Amino acid sequence: MSYELRPHTADVAVAATGADLGETFAAVADGLAAATCDDVPATGERFSVTVDAEGLEALLFDYLDRLIYERDVRGVLPVANEASVHEADGEWVVEASARGVPFADVTARDVKAVTYSEMRVEETDEGWKAYVVLDV
Amino acid sequence: MTTREFDGIRLERVREFVWELPREGDMRVPARVLASEALLDEIGEDKTLQQLRNATHLPGITGHALCMPDGHQGYGFPVGGVGATDVETGCISPGSVGYDINCGVRMMKTNLTYADVQGHEEELVNALFANVPSGLGGGGVVEGDMDTVEAVLSRGVDWALEEGWAVEDDLTHCEDGGRRPDADPSAVSRKAKDRGKNQLGSLGSGNHFLEVQRVTEVYRDDVADAYGLQPDQVVVLIHCGSRGLGHQTCTDYLRKIEKRHGDLLADLPDKELAAAPAGSELAEQYYGAMCACINFAWVNRQLIMHRVRQVFERVFDRSWESMDMHLLYDVAHNIAKKETHTVEGEERELYVHRKGATRAFPAGHPEVPPAYRDVGQPIIIPGSMGAGSYVLRGGEASMDLTFGSTAHGAGRLMSRTQAKQEFWGETVRDELREQNAVYVKAQSGATVAEEAPGVYKDVDEVVRVSDALGIGDKVARTYPVCNIKG
């Protein structure tokens with residue numbers, strides 16, 4: 001799995017790929033961390049989140065929004081993300097975890113929110129790809 | 001007829017500085033860009049025009065979808081965008097307000113001159129940086145609990161006055177007296193309130209900043225007198241918004257609208273324009289929540305201003321009252337407010353969405369505070385760290401041309417990624433100090449690079465267009481002395 005930060009006039013975009021949806025979602029989440037902070041130390045405890053939504057794009061939106069929420073209320077930067085995605089009874093579910101680096105250990109800036117603008121989640125011959133614009 | 005074309009979008013020149021994208025296809029109204037040729041060239045470089053055309057699809061949009069001279073690509077609705085929709089038959093669009101509800105700027109005056117501050121810049125910038133919370137996880141001036149957040153959402157700057165963080169004069173010089181009557185704290189989620197309680201009185205990061213400035217020029221003596229501005233005077237500019245609480249509120253309502261009004265959303269060209277039909281339960285709830293977030297942002301800026309007064313007291317060893325540190329005005333950049341406008345001779349109540357745009361009401365308008373009603377509402381246009389900022393006043397033509405609006409800043413020209421490739425933060429900081437006598441302190445060098453003067457448009461050109469069109473008239477110019485960033 002991998003991600004790239006892409007230029008955007010006002011904001012920051014993340015383009016990510018993975019062998020499956022879980023890897024791709026985790027790569028976008030790592031991109032969110034990279035948009036927040038250049039250097040990530042190896043500190044912090046892992047925590048888990050489970051998020052469900054009515055569709056794949058909505059799931060990616062809600063998953064990233066949840067990480068931003070956890071960041072603000074726990075006071076940690078979620079890094080080294082892991083995720084798996086499945087569909088159950090018409091709902092999409094992501095079960096994920098992240099290592100929460102305490103704010104005191106990093107120099108980070110605020111990514112305000114995830115946006116739907118230009119969002120793509122698509123399957124290709126090489127696996128899954130996602131593109132998300134973040135409001136910074 | 002002069003026309004310009006960018007990526008298949010053709011604009012016709014209506015008159016100097018006014019470019020129209022005629023109605024075609026599913027557009028409900030035409031769109032207009034207010035720009036000089038030079039600014040239009042920059043606006044045409046990214047997806048601003050496409051996003052402006054998308055905005056014309058909003059239900060009930062009236063007149064024109066507008067792009068101010070500092071417009072640039074955002075998400076969904078362009079930054080620098082103004083769109084007015086009918087409050088009965090249209091919609092209200094959280095995506096067209098933006099995540100940072102009531103992101104805005106306030107200017108505080110002092111009776112200090114530049115000479116009083118010279119020699120103290122280093123001490124001042126360090127003291128401000130140490131005392132005004134900024135960056136991620138920097139905490140707030142007030143460590144609030146849920147009751148505090150509720151009170152702030154409901155009562156705005158009235159709460160700050162009751163708690164000793166404001167004086168009466170701050171309220172009379174703020175839009176709406178610092179309190180939105182339509183605020184509904186119960187429409188703001190617990191999730192949003194959780195995020196807000198640790199951030200009450202904090203700058204945040206990105207393009208948000210606090211700047212000590214000096215007045216370098218006055219263009220209209222009578223208005224400058226009414227605003228209490230004169231050459232060489234030191235002023236303080238505070239730029240931030242409603243922090244995580246506002247961001248979460250926008251996010252919550254985008255998702256609620258998607259779930260409940262998916263049919264409306266399916267007809268919009270960009271999901272980020274998500275809009276609730278006027279009169280629907282969600283439209284009412286969002287309006288109440290947004291007004292509560294407006295209150296939160298005003299209190300946020302008020303608390304920072306209060307802290308700045310305390311810092312000045314320590315650095316200059318005088319009371320803030322003796323330095324006449326009074327609020328000039330506070331303007332919102334991301335907002336949708338119910339306002340009455342005359343459209344084709346008929347008075348209509350509209351939700352005026354301003355995303356990265358400033359309200360610019362002219363002299364005589366009843367919503368301009370009494371202190372400024374004879375001269376027009378103050379407008380504060382921040383420039384970059386290396387360029388001047390401007391104080392304008394609402395222009396006579398703003399009600400006819402822009403639903404009482406003008407630009408909100410210099411407008412970005414370059415992505416943050418590109419900025420970091422072209423600029424090195426420490427170099428930018430050192431050059432600003434040595435060549436421009438501007439003292440900058442930030443959480444990181446990357447932030448300084450991303451906000452380097454070169455990443456912004458020419459603020460002089462933005463203000464020239466605003467002044468020439470009569471939507472916001474030049475009153476005074478300021479230049480940075482100290483700047484802190486998150």
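Predicted model: local features only at pLDDT ≥ 70, side-chain atom pairs only at ≥ 80, totals over all residues.
Biologist: Which residues of H5(B) are buried, and what covers them?
Modeller: In H5(B), residues 146–155, the buried ones are B:Met146, B:Thr148, B:Val149, B:Ala151, B:Val152 and B:Leu153. The cover includes H6, H8, H10 and H12 of chain B.

Biologist: Why is B:Met325 called buried?
Modeller: Its relative accessibility is 0%. Buried means under 20% relative accessible area, exposed means over 50%, and partly exposed lies in between (1.4 Å probe, protein chains only). Therefore B:Met325 counts as buried. B:Met325 sits in the loop between helix H12 and strand S12 of chain B. The residues it touches include B:Met108, B:Phe312 and B:Trp320. Touching, or contact, means heavy atoms within 4.5 Å.

Biologist: How do you know that B:His408 is buried, and what does UniProt say of it?
Modeller: B:His408 has 15% relative accessibility, so it counts as buried. The unreviewed UniProt entry places the feature "active site" there. UniProt positions use the numbering here, feature names are shortened, and annotations may be inferred rather than shown by experiment. B:His408 lies in the loop between strand S18 and helix H14 of chain B. Its side chain makes a polar contact of 2.6 Å with the side chain of B:Asp70. Also among the residues it touches are B:Val79, B:His333 and B:Pro382.

Biologist: What makes B:Arg301 and B:Asp330 a salt bridge?
Modeller: Their side chains meet at 2.9 Å, N to O. A salt bridge needs a side-chain nitrogen of Lys or Arg within 4 Å of a carboxyl oxygen of Asp or Glu, so this pair qualifies. The pair links H12 to S12 of chain B, 29 residues apart. B:Arg301 is buried, at 0% relative accessibility. B:Asp330 is buried too, at 0%.

Biologist: Why is B:Glu367 called partly exposed?
Modeller: B:Glu367 has 33% relative accessibility, so it counts as partly exposed. B:Glu367 forms a salt bridge of 3.1 Å, N to O, with B:Arg359. B:Arg359 is buried, at 4%. Both belong to a salt-bridge network that includes B:Asp182 and B:Lys337.

Biologist: What area do chain B and chain A bury between them?
Modeller: They bury about 3300 Å², 51% of it on carbon and sulfur atoms. Buried area is the accessible area (1.4 Å probe) that two parts lose on being put together, summed over both. Chain B gives 43 residues to the contact and chain A gives 35.

Biologist: How many salt bridges join chain B and chain A?
Modeller: The count is 10. One is B:Arg243 with A:Asp110, at 3.0 Å, N to O. B:Arg195 and A:Asp72 also form a salt bridge, at 2.9 Å, N to O. That pair crosses from H8 of chain B to H2 of chain A. Both B:Arg195 and A:Asp72 are buried.

Biologist: Where is B:Thr251, and why is it called buried?
Modeller: B:Thr251 is in helix H10 of chain B. At 3% relative accessibility, it counts as buried. Its side chain reaches the backbone oxygen of B:His247 at 2.9 Å. Its contacts include A:Phe61, A:Asp65 and B:Tyr99.

Notes: Residues numbered from 1 in each chain as written. Chains lettered and ligands numbered in written order. Heavy atoms only, no water. Helix = DSSP H or I, 4+ residues; strand = E, 2+ residues; numbered from the N terminus. Polar contact = N/O pair within 3.5 Å; in protein donor to acceptor, adjacent residues only side chain to side chain. Lists of a residue's contacts leave out its neighbours within four places in sequence.
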